[in-house]
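Biologist: Please show me the structure. I have a few questions about it.

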Amino acid sequence: MKRWPHLLVVLVAVGASLVLSFVRLSRRVDERDLDAAAQALRTEYRDGDLVVVTPYYISGPRERLGDLPLLSPRQLDAADLRGYARVQLLELDVTGATSAFRELLSVQAQAQPTATFGRVRLTTFVRIPSERRRFDLGEQVAALQVTAHYADGLVARCDKFERDRWLCPRDSSWSYVGREVVEIDDDPRACVWLHPLPKGGELRVVLPDIAFVPNAHLIGGMGFAASGAKRVQAPVQVRLFAGEQELMRREHPAGSSYTRYDVVLPAEPVPLTLMVTSENNGAAHFCLSLSTVEAL
Amino acid sequence: MRTSWSVWKSRVHQAGRKLWQSDTGISILIGLLVVLGLTATADQGYVRDEGYYFKAAREYHAWFEELWRNLWAGRLGESFSTATLSRAFGYNTEHPGFVKLLMGWSWKLFHEWLGVVGDATGYRLGSILMNGVGAAFTYLLGVRVWNRSVGVLGVALLFACPHVYYHSHLACFDGPITAMTVVVTYAFLRSLQSWRWVIATGLLWGVAVATKHNALFLIPTLLLAYGLSRLAEFRWTPQWRLSLPAVPLAIFAIAVLGPLVFFVTYPYGWPAPMSRIGAYYSYHLHHEHYPVDYFGTLYTEPPFPVSFPFVMSAITVPLVVLLPGIVGWLLVSWRALRALVLAFKTRTEMSEAGSAAWLLTVSAFIPPAIIAEPSVPIFGGTKHWMPMMPFFALFAAAVVVAACRELAHVRRWGQRLVPVLLALVVLLPAFETYRTERDGQTYFNELILGHQGGAALGMPRTFWGGYGVRLLPLINERARPGAGVYTHRMNYDDFAAYQRNGLLRTDLRFVSELRQADYALTYHQREYQDAEYRVWAFTGDRRPLASVTFDGVATVSLYELRPKAEVRR
């Protein structure tokens, strides 16, 4: 080939282009396979199931199943599965797909036989022990009682309800308690917006009675929305009270991390109250998820 | 009478034949074909900035209409008053005026007067015309340095690159500055031997700097290439003084004529040149940093990764152009080095071929090298170092043409396979361009297996918000009268332009607050992804009505906003 150096370069380029283009085309998921997999999943689906889709960048499964509880994260954590009885894992064999989610679920749950639809695989995992969610803060925003204890001494109810959020009297464009999905630590997370009040003021949220289940677990996570995480001025303190008893005290640091928690509720019914404060609330786009989970 | 007519006819015929057989004629033909081709396919959605430039072009052009009226009314001076100039040209002053003036005139001529193109294409035509000129000069440069085959194939490969093809349609500055870079480089090369081209270089650089501020970097680029080609002439005299080669005359022409052209085409600066032109440059010296997703990390501030422009080029130029292009660049660089060594050995001036080799080597390297500097903003995908692409396409073409020659000598059948090889070289990238025609800026090449690979690696999936256009028919079909549409990365000026061009119903309202909209477009741009998450939170449903996807990877989605029912206590 010394006599044909340019020809070799061009032939390699053309050959590689043809082969790689063929590989690219072969990695596409057929729409009919997605339809069939989605149909099968809906047939198999029961209340209390979680649908997990991987990889996150293929939008077809979400287009078909986005009305169900569905996660399509970059990274799956075992804690994401808490509160569900079963997980429906939908795997797409496309470029960049890995078996990481399957491996995690295999440790956490018992796999049922896999159904294959072209490049789509559907597997039901039964979690052991199974759990169910009795309460979710985001789902019950309308039932919350929100009070703003401002640093200047004013105590005011955030009692203006707008669709899915309670607006506080001051700076209501960001000072509200409402359902959001924000990116925290590289993944979208469903949570409730709890931007702290200025200058150490306290945002107080009283949970409805249904949030309390004797001896159940309160689980969730917290963090700052990625869009402003680098500009956050100070940590946020979160306290959870069961009646007069402080069940949890967490300080979430400034930055882009996601802090998870798991606390056990007492046996006797008591009102649950969340309190959120920060010395400096600059850019503290703080969001928190909370669910009451009981074992089945 | 009849004799003189036939003589005249014969002369015209001969002149025409001579022209079309000359490189000038072929370059004009190539330029025209590119203009026609780009105009006929200018159905890409309006990108964010185009809305601003449409408006600026319209407002700038209104000044000429007013000038005409004032001329006949005997009050010409009014058109040149500070108040008039500030009003007429006071919008979008952070970019030079030339392209927007051209867009205004192309709109007036081809849309308003002749009616041969639509409203938006009328504006885009100004930019497309410059791209046609750039194509012509790419050919001429290819002929000058190599031969006609390289010139023609170079132009073909240039526009077979999806990113270049896409940006060449838009009423923006990236295509035109790419064109002007190759025009100025060609002129500079000719200026080394012709005083006419010295003048031309000065004027053309003026047009370039009146196109986009990137042209400023052309001066160090040209000087560096020239300096390297004359390195043998740097020497110490017996008196230990450094003897330098003569500064190329074109640089003086650039210094004198360039600012003049810029000034003439920047009417906003006429009343107060120092402060207003100074403010324009100051804006770009302190340009804000936009976030960019790169291998899964969202960079929002310096230092940005040095590898960004090189890696992005490696994964966004079709493989059939990429590999020969790199080899071609290496070969030309090698040729330049050999010419330099020869000049040192023989103590003679470097040949034009050697100078051209340095010019091409440096010209292809500097645009990405500038962006590689860690403090330079790196938003905008690949378009900011697109001026390297004409040179790169010529490198690729030179290797392919050499390969075809080699193939022709392979046994008896080699000759017959040359057309097949050429067809594959052009058609493979051209197919990629065809496949992503309206969304070329989202293209990733075979090396990372296309859009899926780009998404898997966490590369920037999209920017600039142009491809929502494909979802507009669905909104038109479904929306109730007067419905509000949240358009995310599509700005109001684009929204209005779609309505003006009949692509969006005029009763629909532009809504900037998502929660007040009936429909929402969300672009899958990492730094703005939260808009889609807000839709999910608001509706409790993650299903879009439709998405524009490539190999299953969405670039933009349309949602119908039916908020989740809430029961108040």
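Modeller: This is a predicted model, where local features need pLDDT of at least 70, side-chain atom pairs count only at pLDDT 80 or more, and totals for chains, interfaces and linings use all residues. Residues are numbered from 1 along each chain as its sequence is written, with chains lettered from A and ligands numbered from 1 in the order in which they are written.

Biologist: How far apart are the end C-alpha atoms of helix H7 of chain B?

Modeller: Helices are DSSP runs of H or I, at least four residues, and strands are runs of E, at least two, numbered from the N terminus. H7(B) has 12 residues, 148-159. The expected span is 1.5 Å times one less than the number of residues.

Biologist: How many residues of H7(B) are buried?

Modeller: Buried means 20 or more other C-beta atoms, placed from the backbone, within 10 Å of a residue's own. Val150(B), Gly151(B) and Leu153(B) are among those that qualify. H7(B) is mostly covered, and of its 12 residues the buried ones number nine.

Biologist: Which residue stands opposite Arg239(A)?

Modeller: S16(A) and S19(A) run antiparallel, joined by six bridges. In S19(A), the residue opposite Arg239(A) is Met275(A).

Key:
Two strands pair if DSSP finds at least two bridges between them.
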